[in-house]
Amino acid sequence: MLVIFVIIGYLLFDDGGILLLEKQFVEVLTHEKTSLFASLLTAITRVMEEILHQHPRHLELENTHLYFGYRPPFIFVLIVDSENEIYEKLADTIARDLAEADLNPEEMHVSDIARQAAKRIIDHHIAKTPLLVVDLKALANIIKTTSEFIRNRIRSGFPVRKPKTIEIKPTKVKPTKPKLKSFENLIELYFDGKLSDVVKYAPGFFVGDYADLARILYAKAGLILRLYDPKVWAPPLEQLYGVSTEISDEIARRVLIAETEMFARLPSETPFSIYLRHSDEISVVLQGEDLRATVYEILFNPIPIAPFLNMIIRKYENRSRYMFCLAKENLMLLKMLRQKPRNVDEWLLAFSETKTAFEKSLKERDHLLDHHYHVLLSTLIWGMLTPDITVEDGFKLIDHFVSDIKKYQKELEERSERIMITHKAWNIIWVYNVLMRVLLEATPPEERRNLLDELQRRVLDSAKYFSDLLERRRIPIYLYYVTLISLISLYTRIGVEHNTVPDDIIEILPEFVPSDIQNLFEIAPQSFYQYYLCFLETLGNIALFIDLHVVRTNLLMKIAHLLEKVADAMSDVPIYKFLAKLFAFRFYMLVDSKEARNAANRLLSEAEKEFSPFLIHIFKRLYEFHSKSTQEEL
């Protein structure tokens with residue numbers, strides 16, 4: 001039995017059992033290659049009298065589950081692929097809101113306006129339904145159990161490990177004699193980015209009026225040091241945990257313990273989620289003029305909240321280049337994620353400023369070079385979203401990356417001892433899943449070979465590096481999952497071009513979906529959607545090689561549908577919306593069915609209204625190529 005958590009569609013009846021609305025989100029075929037949705041509608045209609053009499057909440061059929069919501073004058077039926085209590089609650093909520101909207105079933109029989117009003121209520125609730133990682137695990141298990149029907153499997157030796165949760169035993173850090181004249185000198189060391197010195201001298205203030213603040217600075221600086229390459233010394237996790245647990249300030253203690261535990265397990269909270277939960281209390285502290293306010297600014301910088309970052313930028317522009325650079329960098333990242341450039345001129349101005357700052361840092365060989373490179377790369381990606389960027393200019397942008405940025409990256413590696421792991425991870429994610437992905441899909445198949453061979457080597461080297469970081473506990477566990485699945489998705493995409501499937505990746509995928517990663521949906525949504533997006537693409541790339549037609553078709557349709565859900569969920573983040581729609585479009589084009597082709601045409605039409613001429617060109621190149629190809633040629 002296929003077990004995949006996907007909403008197939010819904011039915012709305014009046015309380016007399018007469019059908020008012022029906023909607024199918026994704027086509028699913030029975031083993032006889034007929035429509036499962038149509039079969040269910042026929043079956044429900046036949047037993048409607050029993051449903052009206054017994055009011056079942058949940059019915060389990062061979063390949064589907066039906067969840068019923070009852071609120072006079074409506075009966076709402078949600079059709080999904082497997083059992084989950086979230087769908088029972090969803091059916092109840094939709095039935096309740098339909099009833100409270102005072103919609104009249106009799107009007108819905110004759111009025112399209114009334115039917116559309118009901119559809120808006122239903123679709124709104126379904127769109128808000130969280131994407132569940134159990135969906136990914138179910139899909140991964142199906143692919144693993146049907147692996148004997150997957151052709152062209154090879155052992156790739158891809159270096160991926162399943163992270164193990166560890167317990168951190170706190171180790172006390174003893175106070176030392178003060179070696180600085182004042183606590184303000186310790187803060188100045190942090191402002192100068194001298195984090196090792198902060199860790200070295202902070203214990204001199206562990207006794208006395210500044211004990212709490214000194215421990216906050218010690219833990220904050222130590223945690224940042226752990227985010228550098230292992231060649232840079234950092235305090236052991238046990239010491240960081242021990243210092244953090246001795247902080248009396250509850251908010252600061254929770255923030256630093258949460259950050260420390262990220263190296264040991266998947267998080268249940270992050271500094272961002274703690275800030276949101278206690279924003280009123282934190283605002284009161286930040287409004288003060290004392291040292292506690294300053295240390296709180298250090299503690300939460302660079303939290304991804306624009307008003308906070310703007311405050312740091314204004315306050316520290318002429319006081320601390322380090323604090324200023326952290327805030328400026330993350331404000332640019334927020335801008336890249338949340339909005340498109342209004343026009344080419346706005347993007348060129350931003351690019352000119354970031355490139356000038358990077359080249360100045362490169363020339364001076366200062367410790368902020370890594371941060372400036374990260375901003376430069378994100379600004380380049382932001383340019384791809386410019387509404388009026390032409391096809392020609394878009395490719396010039398990619399060419400600039402391939403030539404100049406590769407040169408910058410080499411110099412960065414050679415000159416900067418401190419390259420943050422978070423930067424390395426997200427730089428790889430953006431380069432491989434945005435810039436290089438666009439280049440890959442736009443390059444004619446016959447010209448891809450050199451690009452693919454180079455990419456494959458880089459992906460394997462990067463996967464080995466990040467797996468080594470995991471062993472050393474120098475990368476947060478959640479970031480390892482996000483980074484590795486991003487690399488795996490590109491690796492399996494390359495495999496499609498080489499007509500091979502990595503068998504070892506098929507085996508590990510079900511284990512690469514820990515239930516706790518669902519926590520990221522609430523506390524780190526960007527990471528959650530990056531993980532979800534790349535996991536789906538990985539599954540789709542492998543599913544293309546399944547020789548069972550019905551299984552292959554159903555999997556690809558459901559994967560494409562879930563990718564569209566990602567696009568809807570990230571509608572306010574243009575770059576993810578583009579990627580999710582592009583991936584969904586590709587899989588629809590690779591399914592040989594009328595339903596899939598209609599979905600692909602719909603996405604192409606939407607792309608022409610939403611994206612720049614350059615990004616539309618990528619969709620059209622895919623359309624032209626796959627229109628000439630068949631599933632059997634893959």
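What share of the contacts in the protein chain with a separation of 6 or more comes from residues 24 or more positions apart? In this predicted model, such residues account for 72% of those contacts. The overall dimensions give this figure some context. The protein chain contains 29 helices and seven strands. Its radius of gyration is 27 Å, close to the 26 Å that the globule rule gives for 634 residues, so the chain is as compact as a globular protein of that length. Taken along the principal axes, a box of roughly 85 × 55 × 50 Å holds the C-alpha atoms.

Burial and surface composition come next. Of the 634 residues, 59% are buried. The accessible surface comes to about 26,500 Å², and carbon and sulfur atoms contribute 49% of that area. As for charge, the protein chain carries 79 positive and 89 negative side chains, with the centres of the two sets lying 6 Å apart.

The largest nonpolar core has 139 residues, and within it Phe158, Tyr531 and Phe535 touch the most other members. Helix H20, spanning residues 421-442, supplies the largest share of this core, with 15 residues. Another core, of 69 residues, lies apart from the largest one; Ile168, Leu180, Tyr201 and Ile247 are among its members. Returning to Phe158, its partners, not counting residues up to four places away in sequence, are Val459, Leu460, Ala463, Leu484, Leu487, Ile488, Tyr491, Asp504 and Ile505.

Two individual residues illustrate the packing on a local scale. Ala140 is part of helix H6, which covers residues 133-145. Its relative accessibility is 1%, and because buried means under 20%, Ala140 counts as buried. Leaving aside neighbours within four places in sequence, Ala140 is in contact with Leu509, Pro510, Phe535 and Leu539; of these, Phe535 was already named among the residues that touch the most other members of the largest nonpolar core. Ala140 and Glu507 are 367 residues apart along the chain, yet their C-alpha atoms are separated by 8.9 Å.

Met48 provides a second example. This residue lies in helix H2, made up of residues 48-54, and with a relative accessibility of 7% Met48 also counts as buried. Its contacts, not counting residues up to four places away in sequence, are with Phe13 and Gly17. Between Met48 and Gly17, which are 31 residues apart along the chain, the C-alpha separation is 6.2 Å.

Key: Residues are numbered from 1 along each chain as its sequence is written. This is a predicted model: local features need pLDDT of at least 70, side-chain atom pairs count only at pLDDT 80 or more; totals for chains, interfaces and linings use all residues. Side-chain values use heavy atoms; hydrogens and water are left out. A nonpolar core is a set of buried Ala, Val, Leu, Ile, Met, Phe, Trp, Tyr and Cys residues joined through side-chain atoms within 4.5 Å. Buried means under 20% relative accessible area, exposed over 50%, partly exposed in between (1.4 Å probe, protein chains only). Helices (H or I, at least four residues) and strands (E, at least two) are DSSP runs, numbered from the N terminus. Contact means heavy atoms within 4.5 Å. The radius of gyration is taken over C-alpha atoms; the globule rule is 2.2 Å times the number of residues to the power 0.38. Accessible areas come from the Shrake-Rupley method with a 1.4 Å probe; for residues, only the protein chains shown count as cover. Lys and Arg count as positive and Asp and Glu as negative; His and the chain ends are not counted. The place of a charge is taken as NZ of Lys, CZ of Arg, CG of Asp or CD of Glu.
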